[in-house]
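Student: I'd like to learn how to read the inside of a protein model, and then its charged contacts. Could you walk me through one?

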Amino acid sequence: MTAIKYLKNSVLFFLFAIIATGNTGCKKYIEETNLGAATDQLYYVTKQGFEDLARSNYPNLRYVVSMSSLYNLGTDVYTSYATTDVNPLNIYNVSLNSSLIDVDNYWKQLYYTIGGANTTLYWATQVQGMDAATLNARVGEAKALRAYCYYLLAETFGDVPLVLDRTVSVNVSFTRTPEKDIYTQIIKDLMEATTALPATTTDFGRITKGFAQQLLSKVYLTRGYKSYGAGATDFTQAASLAESLITSGTYSLRPQFSTLFDPTVANFQVNSEVIFSVQYSTNVATNPVYFMGKTGVPAVAGGSAASGTAVVGNVLQQYFLWDVQNVPTIGRAAFYNKPNAAHTAVPDPYFFSLFDKARDSRYQASVWTGLLAQTAGTLNGKTFAVGDTVIYYPDVAFTAAQKANRKYYVINPDEYRTSPFTGNTRSFPLFKKFRDPNAAFADNGGTRDTYVFRLGETYLLAAEAFLQAGNLPKALQYFNLLRARAARPGNNPSTGTSYASELQVSSLTLDNILDERARELAGEEFRWFELKRTGKLISRTLAYNEEARAANTLQSFHLLRPIPQSQIDLNRGAAFPQNPGY
């Protein structure tokens, strides 16, 4: 259904055949010759060909995980960069409809990725010369990847077409499979993948058993909240899977949170905590971002790049920033990166209020509280040398007198929704969590990986699942273990007690877990999905996202995104209804 590429190519093939047979006078000009005689029937049955096919599934994820607007806008801890922005994903206005390009792109790319997995699974039954263990692993990878895509589709759109076979011809008669049946297939795929996949791999970046277990835990946890789910049984299963992954010995928490993200730490992205990440490299030739198999990506709502623009490299380092190029003495500083105009989700004031800045090391590891001059110059009548503080974000608000006594700009926590440099935008502590010293002040070009699953989240999945299953002691155990890692080292000089001890809690709610996810997984998790799963999307967004609250248009039907109109229009052979409310 979604593999528009398949539909398009098939239609073009039939048109080509009509022309070729109906106009023999120009036959020699339009006939094509396959000089290499290479076909899928000849290549994918070989070990090399099948391995190439299996590897080709991975670059598709680069586009999937980069859709920051879909994952973060319109939530409790992220909002739009400009306070006057009317982005429909943030304020849920009438422009959030079936024509929105972001949801159209998302649907197409997920189904294209599913198509690649289905093709891999087909040729796995035909390939020759593969050893059983490797073949089983590749089958497991494809099933886990397919399950991941269907999880994202089901949570985004609800009922969606369930396509489990490779596409070889045009089909315009798809129907929407009930969400509960999609979940049944996801669980089946992941259980089979867990059996087939190895626990570890020497080829870092491949899907392993840990990926399948982590996703299966999240799937059971998500289904447990649903009307068709198994409730406590699902929660218990989710807790068991998360706990078994934590205690497996395959992964371990890094001693310091900051070392997961600090590019000055050697091999910082290849560590004991990473379960799966989308890979990039310092070799630019290996870094294209593909949309439906092509390097030219489509236009994005709010973006300035034309459709078909080639994208090379990660863009993660451009997220969660405001534009410092308008500040003299900082300017176009690669050190602070360039904000991405197409994905303008930024942390809102509530996000910054969540941190215990005196005890929690994750705050300083995640954001810059001081911005330094990158060039010597004058700002606001004052002279700055390279390295001088230009802007400072204090943990505790300065008084007017304290501000007046500083050469640099002081921006207090209650001033993050305004900017002394540009109108109608914000000024807040920039994210340094994803900084990339290899990326220039330009769009894309990032070389660092994107974490998809890591063990820090597994602890929070375990805490949430045990909490919902009614086992508070176990929930507290995993919640507090993660907070102990998050604590600043040493003792609080005021109390003599370790910061790790002071961060421990004795009670726990879903809101506590969501707050902790925001601290631990800022910019990593797909926040919209987390709020939706726990039934908190509407209440928390309206409570903390000031733009969404002012618009006051977020309703229960927004818990699903609109089905792209392009898909409804193409599906001419069967009923394909739109989601209610759109």
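**Reading a cavity and its salt bridges**

Tutor: Let's begin with a lining: the residues around the largest cavity divide into 18 nonpolar, 5 polar and 9 charged. Here Ala, Val, Leu, Ile, Met, Phe, Trp, Tyr, Cys and Pro count as nonpolar, Asp, Glu, Lys and Arg as charged, and the others, Gly among them, as polar. This is a predicted model, where local features need pLDDT of at least 70 and side-chain atom pairs count only at pLDDT 80 or more, while totals for chains, interfaces and linings use all residues. Residues are numbered from 1 along each chain as its sequence is written, and side-chain values use heavy atoms, with hydrogens and water left out.

Student: What is a cavity, and what volume does the largest cavity have?

Tutor: On a 1 Å grid over the protein atoms alone, a cavity is a set of points where a 1.4 Å probe fits but cannot get out, and lining residues have an atom within 4 Å of a point. Grid points are joined across faces, edges and corners, and the volume is the space filled by probe spheres set on the points. This structure holds 5 cavities of 30 Å³ or more, and the largest has a volume of about 360 Å³.

Student: Which residues lie nearest the centre of the largest cavity?

Tutor: Of its 32 lining residues, those are Y451, V452, E524, E525 and F526. The largest share of the lining, 5 residues, comes from β11; helices (H or I, at least four residues) and strands (E, at least two) are DSSP runs, numbered from the N terminus.

Student: Is β11 enclosed or open?

Tutor: Buried means under 20% relative accessible area, exposed over 50%, and partly exposed in between (1.4 Å probe, protein chains only). In β11, 5 of the 5 residues are buried, so the strand is largely enclosed by the rest of the structure. Strands pair if DSSP finds at least two bridges between them; 4 bridges join β2 (residues 274-278) to β11, and the two run antiparallel. Within this pairing, V274 stands opposite R454.

Student: How many salt bridges does the structure hold?

Tutor: It holds 49, each a side-chain nitrogen of Lys or Arg within 4 Å of a carboxyl oxygen of Asp or Glu. One of them joins R359 and E502, at 2.6 Å from N to O. This pair links distant parts of the chain, 143 residues apart: R359 sits in the loop between α13 (349-353) and α14 (362-366), and E502 in helix α18 (residues 499-502).

Student: How accessible is R359?

Tutor: R359 is partly exposed, at 24% relative accessibility, and E502 counts as partly exposed at 23%.

Conventions:
1 Å grid on protein atoms, 1.4 Å probe; cavity = no way out; pocket = protein on both sides within 12 Å on 5 of 7 lines; lining within 4 Å.
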